[in-house]
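Biologist: Could you walk me through this model, going from one piece to the next? I'll ask as we go.

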Amino acid sequence: MKRLIYTHKVQELVYELKIRDAAVTDVLTVPPETKMSEVRQILRTRKITAAPVLREGLLLGIVSVEDYINWLTLEGEDCPVSACMSKDLIVLHDDEPMIHAMKYFEKYRYYEFPVIERESGKLFGIITKFDVIVALLKALGIDYDRKEISYKPTHFFNDVSADRTKLVFTYKVSGNDIKAGGEASSRLKKNLGSLGIHPVIIRRVAIASYEAEMNLIIYAGGGTIKATLDGKNILLEVTDNGPGIPDIEQALKPGYSTASNWVRELGFGAGMGLPNIQNCAERLDIQSSIGKGTSIRITIPLEELKEVRKP
Amino acid sequence: MKLNALVDALNLETVSGESRLNEEVSAGYVSDLMSDVIAHTSEGNIWVTLQVHVNIVAVASMKGLAGIILINGRKPEDKTLEKAKSENIPILLSGLPAFEVVGRLYRLGVSGMQDA
């Protein structure tokens, strides 16, 4: 049983949550009498690629950019959208579990599906992969912030069904306040907790990201921490545009530090940052060039591994 | 040994994390260097330090420490106290110097070794 707790959690959720929990209800629709010549402008104002065609709330079809182009190619006369729209629609219902939507995305490879309200048969809204991910993240209690989290929807989808989920969290670390340090690693730690990852693994990630974050603040004037979770590992990529590390081998030696005195007075610069990271990780790769910056990659396995030393 | 027993015996002032005083203390560590504490403490340890800035809470929370004893009458910074309350980390104040605090803890049976 090497399956991961957090994928379990996601997988429970995709059955628990309903499509109505994710679908967007504020949808631009058009009446069937709308002229084909108007379609381009309508879609353009909302920056969308398709619009449901409704009569009294009932879905008659969908008119898309593709329909518009086909109509243009025919060089026919202007006609109502009802004559050119796609009528063979694959729809989902509001009360179906989210997993149905995910299966549909995989099976049909469409970008979005109309969602029909079971009782009334009327259009409830539209669902895209993006909506599903946002709903899942919300349900997991992950503090969702567009600036902070990014993801590859396609990965996420193929992966949830294949037991591999990929999530990326990115944190900007500003370099001004050493005392306020630890903010990014503490947020990352919370998010991993919400994902149901094992506390021992979370502790390793927390320590590695904390030490990396303090390094960014103390030595590099800030930088970025990117955490990527795939099915096997948590990869921390820490990058900065700081002064670089002249001698990496020496920097890895416990007790070696280049910290200034005032930093040391605050209890930093013990020369144990990188060694601590190393102890938490299966792999630590450091690339540095003087005057340009440093980038380190820390790989922490999601499974308990013997090779990984304390803590 | 439980944390509240140490609080009583050393006459410590509890300024945060009151609800965790009935937790067991596994061992003790004294250091003023963050990374040193990260490297050498385990869950349930009591940490003796003179540092009062907010990072001590981050370190204690990260390592699952039982609490932090601040020595020589030092007080936590406002931000530190705020964070300690929100993360529920016990911060305990002592007027004694580090050597004395550690000595008394040891006499009470708190060891510096995890499995001693």
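Biologist: Which residue in E5(B) is the bridge partner of Ile68(B)?

Modeller: This is a predicted model, and in it the partner of Ile68(B) is Ile91(B). The two strands involved are E4 (residues 67-70) and E5 (residues 91-93) of chain B, which run parallel and are joined by 3 bridges.

Biologist: And what is the order of the strands in that open sheet of chain B?

Modeller: The order is E1-E5-E4-E3-E2, with 5 strands and mixed pairing. Strand E1 (13-16) and strand E2 (27-30) of chain B stand at the edges, and because each has a single partner strand, one side of each is left without a neighbour in the sheet. On average, and with direction ignored, neighbouring strands of this sheet are turned by 25 degrees against each other.

Biologist: Let me move to Val37(B): buried or exposed?

Modeller: Val37(B) is buried, because 26 other C-beta atoms lie within 10 Å, where 20 or more is the cut-off for that label. Val37(B) sits in helix H2 of chain B, and, leaving aside neighbours within four places in sequence, Val37(B) is in contact with Tyr29(B), Ser31(B), Trp47(B) and Val59(B).

Biologist: How far apart are Val37(B) and Val59(B) in sequence and in space?

Modeller: Val37(B) and Val59(B) are 22 residues apart in sequence, while their C-alpha atoms are 7.6 Å apart in space.

Biologist: What about the contact between the two chains, how many residues does each one bring?

Modeller: Chain B brings 13 residues and chain A brings 17 residues. On the side of chain B that touches chain A, helix H2 (34-40) and helix H3 (55-63) each supply at least two residues, and H2(B) gives the most, with 5 residues. By type, the residues on that side of chain B divide into 7 nonpolar, 4 polar and 2 charged.

Biologist: Where is the largest nonpolar core, in terms of the residues with the most contacts inside it?

Modeller: That core has 76 residues, and those with the most contacts inside it are Val205(A), Ala208(A), Ile46(B), Ile68(B) and Ile69(B). Helix H10 (residues 199-220) of chain A gives the most to this core, with 14 residues. Apart from it lies another core, of 21 residues, among them Met98(A), Ala101(A), Phe105(A) and Val132(A).

Biologist: Which residues is Val205(A) in contact with, beyond its neighbours in sequence?

Modeller: Leaving aside neighbours within four places in sequence, Val205(A) is in contact with Leu188(A), Leu192(A), Ile234(A) and Ile300(A).

Biologist: Why does Cys280(A) get its burial label?

Modeller: Cys280(A) counts as buried because 25 other C-beta atoms lie within 10 Å. Cys280(A) is placed in helix H13 (residues 273-280) of chain A, and although Cys280(A) and Ile207(A) are 73 residues apart along the chain, their C-alpha atoms are separated by 7.4 Å.

Biologist: Zooming out, how many helices and strands does chain A have?

Modeller: Chain A has 13 helices and 11 strands, and 36% of its 311 residues count as buried. Among contacts in chain A between residues at least 6 apart in sequence, 61% join residues at least 24 apart.

Biologist: Which strands of chain A form a hairpin?

Modeller: E1(A) and E2(A) do, with 2 residues between them, and Glu56(A) in the turn has a positive phi of about 50 degrees. These strands, E1 (residues 50-55) and E2 (residues 58-64), run antiparallel and are joined by 6 bridges, with Ala50(A) standing opposite Ser64(A). There is also an open sheet of 3 strands in chain A, in the order E3-E4-E5 with mixed pairing. Within that sheet, E4 (residues 112-116) and E5(A) run antiparallel, joined by 5 bridges, and Pro114(A) stands opposite Ile126(A).

Biologist: Last topic, then: what average pLDDT does chain A have?

Modeller: The average is 83, and 85% of the residues score at least 70. Over residues 146-164 of chain A, however, the pLDDT is below 50, and this stretch has 40 contacts in the model beyond near neighbours in sequence. Residues 305-311 of chain A likewise stay under 50, and for them the model has 9 contacts beyond four places in sequence.

Notes: Residues are numbered from 1 along each chain as its sequence is written. Chains are lettered from A and ligands numbered from 1 in the order in which they are written. This is a predicted model: local features need pLDDT of at least 70, side-chain atom pairs count only at pLDDT 80 or more; totals for chains, interfaces and linings use all residues. Helices (H or I, at least four residues) and strands (E, at least two) are DSSP runs, numbered from the N terminus. A residue is buried if 20 or more other C-beta atoms lie within 10 Å of its own, exposed if 12 or fewer, and partly exposed in between; C-beta atoms are placed from the backbone. Two residues are in contact if their C-beta atoms, placed from the backbone, lie within 7 Å. A nonpolar core is a set of buried Ala, Val, Leu, Ile, Met, Phe, Trp, Tyr and Cys residues joined through C-beta atoms within 7 Å. pLDDT is the predictor's confidence in each residue, from 0 to 100. Ala, Val, Leu, Ile, Met, Phe, Trp, Tyr, Cys and Pro count as nonpolar, Asp, Glu, Lys and Arg as charged, and the others, Gly among them, as polar. Two strands pair if DSSP finds at least two bridges between them. Axes are lines fitted to C-alpha atoms, for helices over the stretch in contact, and angles run from 0 to 180 degrees between N-to-C directions.
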